[in-house]
Amino acid sequence: QVWVASGHVGGFSDPLMDCKECKERFRIATQQHNTPSPIKPQIFVPENPMEHLVNALDEVISNPDVWQNPDLTIDDIARIVGTNRTYLQMAAKYKGYVSAMDMIHHIRIEYVCQQLRTVSSPQIQNIFYDAGYRSRTTAWRNFVNIVGCTPTEFEKTYLSTPPAEGQ
C-alpha cells in the first residue's frame, strides 16, 4: 500500500525482451543476455580534449573585439568558447598562464607594448583604454607585473635602443 500511495507502482516498469536467436526472455535493465546490442551510440571524443578546447580558446582570444572589451568576464569567455569556467581555467593553465584573466592581461599588455613601440608620441592612458582596461592603475600594475618595468621605463628603454633585426 505504501508503494501505491507513493506512486511507485503506477510508474514502475521492468520491461522484458525476447531474444529471437536463443528464444530466451531477459530483463533489459540488467542486460543478462550475451547478445551485443545492435545499437551503439556514436559519441565524438577528440584525441586530446584539452587541445581541442585550447584551439577553440585561441580562436576566441585572437579576436581583439573579445579581449579589448572592458566589460569582459571569465563567464563571457567561457560562454563564447562553449565551455564552463572550470575547463576554461584548465585550458588557460594548459597554455602556461596562471588563470584565464592572467591570459587576458598578458594579451592586453602585449598590445600595449606593441603600441608603445610603433606609435609616435603615444598617450599611455589612451593605449590602456584601447587595450580594454578601464582603470589606469590596474593597467599600470599589470604592465609592471608582466613586463618588469613601468610603461615609461619601457618606452625610454625601447626608444633609446634600436630594435633588433626581425622586430
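1. Of the 167 residues in the protein, 28% are buried, where buried means under 20% relative accessible area, exposed means over 50%, and partly exposed covers what lies in between (1.4 Å probe, protein chains only). The structure is a predicted model, in which local features need pLDDT of at least 70 and side-chain atom pairs count only at pLDDT 80 or more, while totals for chains, interfaces and linings use all residues. Residues are numbered from 1 along each chain as its sequence is written, and side-chain values use heavy atoms, with hydrogens and water left out.

2. The protein holds nine helices and two strands, and these are DSSP runs numbered from the N terminus, with helices (H or I) of at least four residues and strands (E) of at least two. Read from the N terminus on, the elements follow the order α-β-β-α-α-α-α-α-α-α-α. If we take the contacts between residues at least 6 apart in sequence, 49% of them join residues at least 24 apart; contact here means heavy atoms within 4.5 Å.

3. How many salt bridges does a search of the whole structure find? The search finds five, a salt bridge being a side-chain nitrogen of Lys or Arg within 4 Å of a carboxyl oxygen of Asp or Glu.

4. Arg 79 is exposed, with a relative accessible area of 57%, whereas Asp 76 counts as partly exposed at 22% relative accessibility.

5. Arg 117 and Glu 110 form a salt bridge as well, and their closest N and O atoms are 3.9 Å apart. Arg 117 counts as partly exposed at 33% relative accessibility, and Glu 110 counts as partly exposed at 46%.

6. Two packed helices are described by the angle between their axes and the distance between the axes. Helices α4 and α5 pack at an angle of about 90°, and their axes are 9 Å apart; the axes are lines fitted to C-alpha atoms, for helices over the stretch in contact, and the angles run from 0 to 180 degrees between N-to-C directions. This makes α4 roughly perpendicular to α5, given that angles of 65 to 115 degrees count as roughly perpendicular, those under 35 as roughly parallel, those over 145 as roughly antiparallel and the rest as oblique. On the α4 side, Ile 74, Asp 75, Ile 77 and Ala 78 meet Arg 85, Leu 88 and Gln 89 of α5. By class, this contact of α4 with α5 has four nonpolar, one polar and two charged residues, where Ala, Val, Leu, Ile, Met, Phe, Trp, Tyr, Cys and Pro count as nonpolar, Asp, Glu, Lys and Arg as charged, and the others, Gly among them, as polar.

7. Which residues of helix α7 (residues 124-131) are buried? They are Ile 124, Ile 127, Phe 128 and Ala 131. Seen down the axis of α7, these buried residues fall within an arc of 105°, so they line one face of the helix; the arc is that of the directions from the helix axis to the C-beta atoms. Just after α7, Gly 132 takes a positive phi of about 110°.

8. Helix α7 packs with helix α8 (residues 136-147) at an angle of about 90°, the axes being 10 Å apart, and the two helices are therefore roughly perpendicular to each other. Ile 124, Gln 125 and Phe 128 in α7 meet Arg 136, Ala 139 and Trp 140 in α8. The residues of this contact of α7 with α8 divide into four nonpolar, one polar and one charged.

9. Arg 134 is found in the loop between α7 and α8, and Arg 134 is exposed, with a relative accessible area of 55%. Leaving aside its neighbours within four places in sequence, Arg 134 is in contact with Pro 70, Asp 71 and Tyr 129. Although Arg 134 and Pro 70 are 64 residues apart along the chain, their C-alpha atoms are separated by 6.1 Å.
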